[in-house]
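Reader: I would like to learn how to read a folded chain from its helices and loops. Could you take me through the features one at a time?

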Amino acid sequence: FDTTDIHKLTASWFFGKNPEDITDDERHVGKTGRHAGAYGEGKHRLMLDTNASAVKFGINIKLSEKDAAKCLDIFHKMTPKIRGVFQNDVREIVHKQRILWNPYGRMRQFFGVVKDTEAYAQIPQSTVPDLLGKAGLAMRAAYPMLRFVMDMHDAFVWKIREDKIDWISKITKQFMEVPIDFKYCSLPRGTLVIPTEAKVGYRLSDLKK
């Protein structure tokens with residue numbers, strides 16, 4: 001099993017299945033549940049987010065509040081350092097300094113009452129688009145013929161000829177899968193490489209891996 005698909009792995013905990021047997025619909029629950037657990041969200045919010053995005057993207061799954069609570073319990077049991085280390089460190093830094101820096105030097109200053117969920121999400125949710133922006137600009141500079149279509153927070157879309165699909169997939173991984181140095185981040189953690197995947201289709205609604 002390719003353990004880089006962290007959302008399938010998470011879903012396997014929730015559904016009691018092998019990761020390779022997880023369906024795309026079940027993976028959606030794993031992804032939403034992982035984000036909810038990492039950002040300190042409760043069972044009701046997880047239920048609402050999962051069901052709303054399932055309707056939006058045509059995913060055939062529905063989560064009850066009871067099931068959402070079970071997912072969060074399992075998630076924190078399997079990843080105790082999310083609460084015990086990551087969330088504790090973020091709360092301590094924000095309480096003392098009111099500022100968080102991501103590894104690219106992006107700063108956020110917090111004013112007034114700080115919601116834990118906003119603080120927990122700040123570094124991961126700002127790091128990904130910063131990586132995406134740097135990679136996209138570098139690709140356009142290196143290959144001016146690329147036709148950029150849109151930026152989707154954690155993904156971008158290129159318009160490309162069919163005979164260039166393998167090529168664009170390879171260079172996208174080359175520019176995206178670069179080490180991110182967390183040395184000067186508010187949470188120094190060494191380096192990290194975020195795995196990427198490519199999807200292809202004639203329409204956004206029909207993209208396949």
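Author: Let us begin with what covers a helix: the buried residues of H1 are covered by elements that include H2 and H4. Helices (H or I, at least four residues) and strands (E, at least two) are DSSP runs, numbered from the N terminus, and contact means heavy atoms within 4.5 Å. This is a predicted model, in which local features need pLDDT of at least 70 and side-chain atom pairs count only at pLDDT 80 or more, while totals for chains, interfaces and linings use all residues. Residues are numbered from 1 along each chain as its sequence is written, and side-chain values use heavy atoms, with hydrogens and water left out.

Reader: Which residues of helix H1 are buried?

Author: Buried means under 20% relative accessible area, exposed over 50%, and partly exposed in between (1.4 Å probe, protein chains only). In H1, residues 6–15, the buried ones are His-7, Lys-8, Thr-10, Ala-11, Ser-12 and Phe-14. After H1 comes Gly-16, with a positive phi near 65°.

Reader: How should I read the way in which H2 and H4 cross?

Author: Axes are lines fitted to C-alpha atoms, for helices over the stretch in contact, and angles run from 0 to 180 degrees between N-to-C directions. The axes of H2 and H4 come within 9 Å and cross at roughly 70°. Angles under 35 degrees count as roughly parallel, over 145 as roughly antiparallel, 65 to 115 as roughly perpendicular and the rest as oblique, and H2 and H4 are therefore roughly perpendicular to each other. On the side of H2 the contact is made by Val-29, Gly-33, Arg-34, Ala-36, Gly-37 and Ala-38, and on the side of H4 by Cys-71, Leu-72, Phe-75 and His-76.

Reader: Is His-76 buried or exposed?

Author: His-76, which is found in helix H4, is buried, with a relative accessible area of 11%. Leaving aside neighbours within four places in sequence, His-76 is in contact with Gly-37, Ile-82 and Arg-83.

Reader: Which residues of H5 are buried, and what covers them?

Author: An α-helix has 3.6 residues a turn, so residues three or four places apart point the same way. The buried residues of H5 are Ile-82, Phe-86, Gln-87, Val-90, Ile-93 and Val-94. Their cover includes helix H2 (24–38), helix H4 (65–78), strand S1 (99–101) and helix H6 (116–142).

Reader: What should I look for in the phi angles of the loops?

Author: Most residues other than glycine have a negative phi. Arg-98, however, has a positive phi of about 65° although it is not a glycine. Arg-98 is found in the loop between H5 and S1, and at 28% relative accessibility Arg-98 counts as partly exposed. His-153 is likewise a residue other than glycine with a positive phi, near 75°, and His-153 has its place in the loop between strand S3 (147–151) and strand S4 (156–159).
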